[in-house]
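Please look through the sequence and the model shown here before reading on. The report that follows takes up a few of its features in turn.

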Amino acid sequence: MIDNYGRKINYLRVSVTERCNLNCTYCGADCEKGARELTSEQIEKIVRIFASFGIDKVRLTGGEPLVRDDICDIAERISRIDGIKKLAITTNGIYLDRYASELKKAGVTAVNISLDTTDRELFRQITGYDGLQKVMNGIEECEKVGLSPIRLNSVLIRGQNEQSAESLINIARDRNIDVRFIELMPFSDAGEDEKLVIRGEEILERFPFLRPVKAEGTDFEKSVARYYEGDGFRGRIGLITPVSDKFCSECNRIRLLSDGSIKPCLGNDEVFDLTDVLDNEELLRERIRTAILSKPMEHGFSCGYGHSHGLNKIGG
Ligand code: SAM
C-alpha cells in the first residue's frame with residue numbers, strides 16, 4: 001500500500017507486550033506493568049489484514065517479546081500468513097538461549113539483539129540486571145541454530161558506555177554479526193540532553209578504518225541503517241541516525257502496539273485503536289487502511305515529541 005507521501009508501506013512492527021525483564025536507564029519507566037495485551041489470535045487476525053494491504057515483512061518486538069509464554073505460537077501464526085515473506089524479532093537476548101531454536105522452527109529467520117556493552121558491570125548498571133553472560137549465550141545459540149542475519153543494536157550514551165564501541169565493533173570484526181549503533185532518541189526524558197547523543201558521524205571519526213559498504217542490489221539498500229566495513233571484517237557496522245539525519249522519506253514501516261492500537265509513526269502521538277472493531281472484519285480493515293494513510297510526512301522529535309513515553313510502551 002502506498003501512503004499519502006508516496007511511500008510503499010510493507011513493514012509491520014508488532015509489539016506483543018509492554019512488559020520487559022530489563023530496566024534500561026534510558027528506555028522507559030515501569031517495565032513490570034503491562035497494559036492489556038492482544039491475544040495471539042487477535043494478532044494473527046490483524047496481521048492477516050495488513051498482509052492483504054501489502055505488508056510482507058513483520059518484526060516482533062516489545063517491551064521484551066520473549067517474556068510472553070506464547071511468543072512461538074504468535075510467530076508461527078504470523079509466519080503462516082499468505083504474503084508474509086520475512087519474520088524477524090528484536091529482543092534483549094536474556095531468554096534467547098532458551099528460545100532461539102523454537103523461534104526458528106516457528107518461522108523466525110532474523111534476530112536483532114540489543115546490547116550496549118560487553119562489560120559485565122556496565123551491563124548491570126545500564127539494565128539493572130547481571131545478565132551479560134545470558135545474552136552472550138543467546139547470541140551463540142542463534143548462530144548455532146542458523147538464525148540469520150544476527151544483528152546487535154547498541155545505543156551509545158556519552159559518559160556512560162561510549163567506551164564500549166570498540167569491543168562491540170570487534171564482534172563484527174570476528175563474527176558474522178552486524179553491529180549497529182542507534183542514536184539516542186528523546187524518549188522518556190532520555191536523550192533530551194542532546195549532549196548525551198553520540199552521533200553516527202562521531203563513530204566514523206573515531207574509527208576511520210570503517211568504509212561504506214556498497215548498497216546497490218543488496219538487502220541493505222532498503223535498510224534504515226548505513227553500513228560500513230573494515231578490512232577482514234566478517235560482519236558490518238551499521239549507523240542508524242534518526243536524530244542527526246532523519247530517514248522519514250524512506251520510512252516503510254508501521255506499528256501495531258500490544259494494547260491493540262496502530263501507531264503510524266514512532267515520532268508522532270497519533271494512534272488508532274482497533275479494539276472496538278476487532279469483531280467486525282470490514283470496520284477493522286477500514287481502520288487499518290485509515291491508519292496507514294495517516295502516516296505523517298516526518299517524525300516530530302525536534303518539536304518535542306516523545307518525552308512522555310518510553311520505547312517499552314511504544315514498541316521499540
Ligand atoms: N526488548 C527488546 C530489545 O531490547 O531489543 C525490544 C524493545 S527495546 C525498547 C528496542 C530497542 O530500543 C533497544 O535496542 C533499545 O536499546 C532501544 N531504545 C530504548 N530507548 C531508546 C532511546 N531513548 N533511544 C534510542 N533507542 C532506544
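Aspartate 56 and lysine 85 form a salt bridge, with their closest N and O atoms 3.5 Å apart; the term stands for a side-chain nitrogen of Lys or Arg within 4 Å of a carboxyl oxygen of Asp or Glu. This pair links distant parts of the chain, since aspartate 56 is in the loop between α1 and β2 and lysine 85 in the loop between α2 and β3 (86-91), 29 residues apart. Aspartate 56 counts as buried at 17% relative accessibility, while lysine 85, at 71%, counts as exposed; buried means under 20% relative accessible area, exposed over 50%, and partly exposed in between, with a 1.4 Å probe and protein chains only.

The model is a predicted one, in which local features need pLDDT of at least 70 and side-chain atom pairs count only at pLDDT 80 or more, whereas totals for chains, interfaces and linings use all residues. Residues are numbered from 1 along each chain as its sequence is written, and side-chain values use heavy atoms, with hydrogens and water left out.

## A further pair

The structure holds 24 salt bridges, and one of them joins glutamate 37 to arginine 68, whose closest N and O atoms are 3.9 Å apart. Glutamate 37 lies in the loop between β1 (11-15) and α1 (40-52) and arginine 68 in the loop between β2 (57-61) and α2 (71-79), so the pair ties together parts that are 31 residues apart in sequence. Glutamate 37 is partly exposed, with a relative accessible area of 24%, whereas arginine 68 is buried, with 5%.

## A buried lysine

Lysine 263, placed in strand β11 (residues 261-263), is buried yet has no salt bridge, and aspartate 269, the nearest side chain of opposite charge, is 5.1 Å away. The side chain of lysine 263 does reach the backbone oxygen of asparagine 268, at 2.5 Å.

## Around the ligand

Of the 17 residues around the ligand, those that come nearest are Tyr26, Gly63, Glu64, Ser114 and Met185; a residue belongs to this group if one of its heavy atoms lies within 4 Å of the ligand. A polar side-chain atom of glutamate 64 lies 2.9 Å from a nitrogen atom of the ligand, and a polar backbone atom of methionine 185 is 2.8 Å from a ligand nitrogen atom. The protein covers 93% of the 550 Å² of accessible area that the ligand has on its own, by the Shrake-Rupley method with a 1.4 Å probe.

Terms used:
Helix = DSSP H or I, 4+ residues; strand = E, 2+ residues; numbered from the N terminus. Lys, Arg positive; Asp, Glu negative; His and termini not counted. Polar contact = N/O pair within 3.5 Å; in protein donor to acceptor, adjacent residues only side chain to side chain.
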